[in-house]
Amino acid sequence: MPRAEHNVSREDISPNALKVLYRLHGAGHQAYLVGGCVRDLLLGQHPKDFDVVTDATPEQIKALFRNCRLIGRRFRLAHIVFGREIIEVATFRGHHQIAESGSAQTSKQSEAGQLLRDNVFGTIEEDAERRDFTVNAMYYNIADYSIRDFAKGREAIAKRELELIGDPETRYREDPVRMLRAVRFAAKLDFNITQRAAQPIPELAELLSNVAPARLFEEVIKLFINGAGVKTFELMQKYHLFGQLFPQVQPLLENPQGKEYQFLQKVLINTDNRINSGLRVTPAFFYAAVMWYAVEERQQQHINEGGFNRHDAFIMAMNDVLHRQMQRIMIPKRFTTVIRDIWLLQHRLPKRFGKRAWVTLEHARFRAAYDFLVLRGEVEGGEIAEVGQWWTDFQEAGPAQRKKMLANLRGKDGKPTRRKRHYHNKNRDN
């Protein structure tokens, strides 16, 4: 598609991405924008990331950019760093050349067909065949501002269809994360996954257990912290993918009318609204919500089977659930710390007597824990909803009103004021 036949303008492209493209082109290399950014630009959207592909090898790329670092084992990539923005540059991928020699220029597969190493370089035509979906096989050429469409991607955009390139089962086995990407793109773009691409997913969903837990953490953020979490969750359930990521949680979600299902939906609606309003969201809140009722269930097991008190049972349950979850998804400590705080505060928020309310209000995680409690209250009602409303009123009240609320709370719950101590006069008995 020559420049006159498409709507992609350099004004909509990251200036840093343009710098990378122009420098590669000036050094005699082919240089293209590729994949999701081209797709989104054609859809009139603003891409978050701009990926570049070239015929230059990773070492040649590094020689051209002082701000470059090479990453990746499965496939070597170059990251060009511009402050907070990173432009990812890949060399054209070629067709597999499976060999026993283990050469760095060959690929390696597991018995299940998953690619373990993929350092095979090729031409732009071969690279297009290696792309996952037809809408991601479009290339914006900086040399003449044209777009090369190798797999009828523009036609798929017009039909709002998500179609895999190549045999679906083979492509999913090569990289099981492609099943998650299919769901993510369908939800984000409001596309339909074609029957051909969708049919093998439920049967192959268990292959996700072969994916590195650290990689799945990044994929889950892309899935649910993207502004289309509700639709993503629905598709994940439809294709039996959610339970592969959260095996402890899935049994609690069998009843769409149950509090566990309803709570997760409310959290996802809340998350989508915040993201689409430009507000900040932490993955810790999402993870805390997903696992909350699994923690409660495990706590009750410790109470019933081990005879532990509620506090000790809760601490043990938190540790158990997080440990099992991290065997599937490696959640960094900076997030597990926040998750634990949100959970622990669910038990502290109802305890408001004396100085407790003031101390809780000053807690670093108070706001997240309060939001969490309010959403629980919308689903569970009863005392949880009442406590949530009390904290809402307490935050909005002035100093005098807060003191009155605490006094009323003490009286309402029948808590006596501090008893006056009576000291016996020892002389009375003399």
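This is a predicted model: local features need pLDDT of at least 70, side-chain atom pairs count only at pLDDT 80 or more; totals for chains, interfaces and linings use all residues.

User: What makes helix 7 largely enclosed by the rest of the structure?

Analyst: Eleven of the 13 residues of helix 7 are buried, so helix 7 is largely enclosed by the rest of the structure. Buried means under 20% relative accessible area, exposed over 50%, and partly exposed in between, with a 1.4 Å probe and protein chains only. The buried residues are Val177, Arg178, Met179, Leu180, Ala182, Val183, Arg184, Phe185, Ala186, Ala187 and Leu189. Helices (H or I, at least four residues) and strands (E, at least two) are DSSP runs, numbered from the N terminus.

User: How do you know that the span of helix 7 agrees with its number of residues?

Analyst: The expected span of a helix is 1.5 Å times one less than its number of residues. For the 13 residues of helix 7 (residues 177-189) this gives 18 Å, and the end C-alpha atoms are 18 Å apart, so the two agree. Just after helix 7, Asp190 takes a positive phi of about 60 degrees.

User: Which residues of helix 16 are buried, and what covers them?

Analyst: Phe335, Thr336, Val338, Ile339, Ile342, Trp343, Leu345 and Gln346 are buried in helix 16. Their cover includes helix 10 (213-224), helix 14 (283-306), helix 15 (310-326), helix 17 (356-361) and helix 18 (366-380). In helix 19, the buried residues are Ile384, Val387, Gly388, Trp390, Trp391, Thr392 and Phe394.

User: Why is helix 11 called oblique to helix 13?

Analyst: The axes of helix 11 (residues 229-238) and helix 13 (residues 259-276) come within 8 Å and cross at roughly 140 degrees. That angle makes helix 11 oblique to helix 13. Angles under 35 degrees count as roughly parallel, over 145 as roughly antiparallel, 65 to 115 as roughly perpendicular and the rest as oblique. Axes are lines fitted to C-alpha atoms, for helices over the stretch in contact, and angles run from 0 to 180 degrees between N-to-C directions.

User: Which residues make the contact between helix 11 and helix 13?

Analyst: Helix 11 contributes Gly229, Val230, Phe233, Glu234 and Gln237, and helix 13 contributes Tyr261, Leu264, Gln265, Leu268, Ile269 and Asp272. Contact means heavy atoms within 4.5 Å. By class, there are six nonpolar, three polar and two charged residues. Ala, Val, Leu, Ile, Met, Phe, Trp, Tyr, Cys and Pro count as nonpolar, Asp, Glu, Lys and Arg as charged, and the others, Gly among them, as polar.

User: Why is Val20 called buried, and what does Val20 touch?

Analyst: Val20 has 0% relative accessibility and therefore counts as buried. Val20 is in helix 1 (residues 15-26). Leaving aside residues up to four places away in sequence, Val20 touches Val52, Phe65, Ile80, Phe82, Ile87 and Val89. The C-alpha atoms of Val20 and Val52 are 8.1 Å apart, although the two are 32 residues apart in sequence.

User: Why is Tyr145 called partly exposed?

Analyst: The relative accessible area of Tyr145 is 24%, so Tyr145 is partly exposed. Tyr145 is in the loop between strand 8 (138-141) and strand 9 (147-149). Its phi is near 65 degrees, a positive value in a residue other than glycine.

User: Which class do Cys37 and Cys68 fall into, and how many disulfides are there?

Analyst: Cys37, at 3% relative accessibility, counts as buried, and so does Cys68, with a relative accessible area of 7%. The structure holds zero disulfides, a disulfide being a pair of cysteine sulfur atoms within 2.5 Å.

Notes: Residues are numbered from 1 along each chain as its sequence is written. Side-chain values use heavy atoms; hydrogens and water are left out.
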